[in-house]
Amino acid sequence: MRRAVPAGPVTRSVYGFVEHTIRHEPASGVTYDLFCTAHGCEEVSGPQEEQGTAQDWALRHTGLNPGHDLFRRVFTDHARVSRVQ
C-alpha cells in the first residue's frame, strides 16, 4: 500500500489564547448627543461634553417646537482593551 507524500514541507501551528478585558477609559471622557425623533425633524444637539448641556438643548427645542417631545440619546465613551497579566 502506498502512502501520499506531501509535496512541500509540513508546518504546524500552535495557538495560545490570551485573556483581555475592556473598560471605560476615564481620561477620554464621555460625549452626549440628543436627536429629535419627531417626524421630519432632523435637529440634533451635536456632541456635548456635559449631559446637562445636551438636555438643556432638548428642553429649548421642545419649547420652540410643541410636539417635539421624544429624543434619542447617545452616550459615547472610549474603551481600552488590556491584556490580563
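## Basis of the model

The model is predicted: local features need pLDDT of at least 70 and side-chain atom pairs count only at pLDDT 80 or more, whereas totals for chains, interfaces and linings use all residues. Residues are numbered from 1 along each chain as its sequence is written, and side-chain values use heavy atoms, without hydrogens and water.

## Helix H1

Helix H1 spans residues 51-64 and has 14 residues; helices (H or I, at least four residues) and strands (E, at least two) are DSSP runs numbered from the N terminus. From first to last C-alpha H1 reaches 20 Å, close to the 20 Å expected at 1.5 Å a residue, the expected span being 1.5 Å times one less than the number of residues.

Ala-54, Trp-57, Ala-58 and His-61 are the buried residues of H1. Viewed down the helix axis they fall within an arc of 95°, so they line one face of H1; the arc is that of the directions from the axis to the C-beta atoms. The face turned away carries the exposed residues Leu-59, Arg-60 and Gly-63. Buried means under 20% relative accessible area, exposed over 50%, and partly exposed in between (1.4 Å probe, protein chains only).

His-61 lies in helix H1 and counts as buried because its relative accessibility is 8%. Leaving aside neighbours within four places in sequence, His-61 is in contact (heavy atoms within 4.5 Å) with Cys-36, Cys-41, Glu-43, His-68 and Phe-71. The cover over the buried residues of H1 includes strands E2 (30-36) and E3 (71-77).
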